[in-house]
Each structure stands twice: as C-alpha cells, then as structure tokens.
Amino acid sequence: MSWFKRESSGARPRPDDDSAPTVRTEGLWLKCDGCREIIWKKDLELTFNTCSKCGHHFRMDARARLAMLFDDGHYDELDAALESSDPLLFVDSKSYADRLKATQSALSLKDALISGHGKLAGRAIHICAMESRFIAGSMGAVMGEKITRAIERSIELRTPLIIVSASGGARMQEGGVSLMQMAKVSSALMRLDESRLPYISILTDPTTGGVTASFAMLGDLNIAEPGALIGFAGPRVIEQSIRQKLPQGFQRSEFLLQHGMLDAVVPRPELKPYIAKALDFLAGPVAGAPVASSPGEREAA
Ligand SMILES: [Zn+2]
C-alpha cells in the first residue's frame, strides 16, 4: 500500500455544507455551557477560554493559567520533580500508586500543582496554579510542600505570591497527611504576612473543601472568577444536613461576593491587569516600570 493512499472514504466537511458528516469536526467545536451557542475552539484561545457571547468561563489548565499570568508566558518551574510517596499505601477502586502513575503520564505532571517563578507586569513574583484534572486538583503532601516552598522563596527573594486554586479539597488517598497541609500552608502564609509581602488568592471553578477552608481564603485579596463554584461541602451535602432548599446561586462567586466572602469577582481577560494594579497598591510600583497597568490606562497616560 502506498504512503499517499487515503485510507478512509469519509467525506471531509466543508464549512458551507450543512449535510457534511460531523464526525471529523469533533474536537474543533464546543457547545457553551452558558448560552448553548456553538463556539470554535480556536476562538476560545483568544479570549482565555471564556465565551465571547455570554462570558461563560470554561476551566483552564495550570499551564495555560501560568502562561496567561506570567509576562510573555515565561517562567521557571520549581520543584517539578516532587511526587507523592503514597504514605498510607491506599487502595480504593484501584491503588493510589496506580492512579498516580496513570494520571502522571496522561498529564505529564507529577502532582496537581505547578509552581513557577517569573514576572507579572515587570514585577518578580511566585505563582502556584492547580491542575483540576489531576485527581480533581486535590491537595496532598506534594501540593502543600510546593506551596510552602514557594512561600519560603517569596520571603527570601521578597516577592509577592499568587495561588490560583482549582481543587476538590484534601486528597482522601493521603488521609490525615493531606489535612495537615492546611495548617502547614496557613502557618507559612503567616510568616509571609509578617514579612509584609502580599499574597493574592485567585479562586476558580471549583474551589472546595480543605483548600477553601485554609489558604484560598487567606489572601490579602481573595479574587474569584465569575460563576466559580466555591465552598466547603457540596450543596447536596448541605441540603441534606440542614433539610432546607438552598438559595439560587448559592456557593457561586457572585453570591459569595454579595455576602462578604470575597473581595472581587474579576472576568479572566481582565485578571492580569487587575492583579498588576492591586500589586502596585499593595507592594508599591515596580522600580523603573510605568505606573499604569491596564492597556486603556496606558494609552490615556
Ligand atoms: Zn456562551
């Protein structure tokens, strides 16, 4: 058989042909969960994974998140080799060791958080971003250790810190060890605070469980993305225990902002200029950098 022979006789769809089979377009288009419109996936890249029609925020993976926040997408990844030692030799439907191995090879990541050092709007900074596809972005010993190290480096180099949360909470496969990370990270953050360095927490969909109950809510600024699920226990668990219907929009960013649990809800495309401005306010402007942070202001200046 020649190299050039087309194996499949399936027709390739033309954009103007309604009767074209749709199988080959799979993966190119996406139905928006917000407005049910069909979106071309390429368009999503331009809007940081948000729907240009209704503003719905799709989930964003950790690498894309760091590329969005760091200047020119450049950063040095830190502690990339840290991985869980499976302290409890935990087995559920399959062993934790196997689950880890499969997830690690599928995502090319050792655990559910990437820690990076680089610049944001010209300012040296440490940013940690969670990967929600890695065992639901759950927090185990590795996540706690990576964040703690990022905090210690921030203190040493006198840089601000950002943690972008996207997590189902503590990792049950590490039991009590994962719960200890709440105290470990919280106490490290106290040292960051004593060093008078800013910490901004970004809460994205979903931020729940032990992550919400500890460092995600300890920011000097707690900023959420629109429509993000943020809570401790899930709504079903709460409804069942208090035997009451929960109000509309309960545990979503906008509801939490209204009830004083958050400082701001910022759409993703505006997130970076918003953080840059907040850091100018919290830590003083970067030496030698223009003060204006958003493109609009820069033009006006
Ligand atoms: Zn939409």
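Contact means that heavy atoms lie within 4.5 Å of each other. This report applies that term, with others given below, to a predicted model, in which local features need pLDDT of at least 70, side-chain atom pairs count only at pLDDT 80 or more, and totals for chains, interfaces and linings use all residues. Residues are numbered from 1 along each chain as its sequence is written, and side-chain values use heavy atoms, with hydrogens and water left out.

## Overall architecture

The protein chain has 10 helices and 9 strands; helices (H or I, at least four residues) and strands (E, at least two) are DSSP runs, numbered from the N terminus. Of its 301 residues, 43% count as buried. Here buried means under 20% relative accessible area, exposed means over 50%, and partly exposed lies in between, with a 1.4 Å probe and protein chains only. Among contacts in the protein chain between residues at least 6 apart in sequence, 64% join residues at least 24 apart.

A search of the whole structure finds 0 disulfides, a disulfide being a pair of cysteine sulfur atoms within 2.5 Å. Cys51 counts as buried because its relative accessibility is 3%, whereas Cys54 is partly exposed, with a relative accessible area of 38%.

Asp61 is placed in the loop between α1 (41–46) and α2. Leaving aside neighbours within four places in sequence, Asp61 is in contact with Glu131 and Arg133. Ser132 is 71 residues from Asp61 in sequence, yet the two C-alpha atoms are 7.1 Å apart in space. Asp61 is partly exposed because its relative accessible area is 29%.

Arg252 belongs to the loop between α7 (235–242) and α8 (253–258). Not counting residues up to four places away in sequence, Arg252 touches Asp205, Gly227, Ala228 and Leu229. From C-alpha to C-alpha, Arg252 and Gly231 are 8.2 Å apart, with a separation of 21 residues in sequence. A relative accessible area of 34% makes Arg252 partly exposed.

## The second largest pocket

The second largest pocket has a volume of about 240 Å³. On a 1 Å grid over the protein atoms alone, a pocket is an open set of points where a 1.4 Å probe fits, with protein on both sides within 12 Å along at least five of seven lines; lining residues have an atom within 4 Å of a point. Grid points are joined across faces, edges and corners, and the volume is the space filled by probe spheres set on the points.

Of the 22 residues that line this pocket, the closest to its centre are His57, Phe58, Asp205, Glu225 and Arg268. The elements that give two or more residues to the lining are α2 (62–69), β5 (123–130), β6 (161–167) and β7 (199–207). By class, the lining comprises 9 nonpolar, 6 polar and 7 charged residues. Ala, Val, Leu, Ile, Met, Phe, Trp, Tyr, Cys and Pro count as nonpolar, Asp, Glu, Lys and Arg as charged, and the others, Gly among them, as polar.

Helix α5 (residues 175–194) has 20 residues, which should span 28 Å at 1.5 Å a residue, and its end C-alpha atoms are 30 Å apart, which agrees. The expected span is 1.5 Å times one less than the number of residues. In α5, the buried residues include Ser178, Gln181, Val185, Ala188, Leu189 and Leu192. An α-helix has 3.6 residues a turn, so residues three or four places apart point the same way. The cover over the buried residues of α5 includes α4 (141–157), β6 and β7.

Helix α9 (residues 268–283) has 16 residues and reaches 22 Å from its first C-alpha to its last, close to the 22 Å expected. Its buried residues are Arg268, Leu271, Ile275, Ala276, Ala278, Leu279 and Asp280. Among the elements that cover them are β4 (113–120), β5 and β8 (221–224).

## Backbone geometry

Most residues other than glycine have a negative phi, and most peptide bonds are trans.

| Residue | Phi |
|---|---|
| Asp86 | about 50 degrees |
| Ala136 | near 55 degrees |
| Arg196 | about 60 degrees |
| Gly284 | near 85 degrees |

Asp86 is found in the loop between β3 (75–78) and α3 (96–107) and counts as buried at 10% relative accessibility. Ala136 lies in the loop between β5 and α4 and is partly exposed at 48%.

The peptide bond from Asp205 to Pro206 is cis, with omega near -10 degrees. Pro206 is placed in strand β7.
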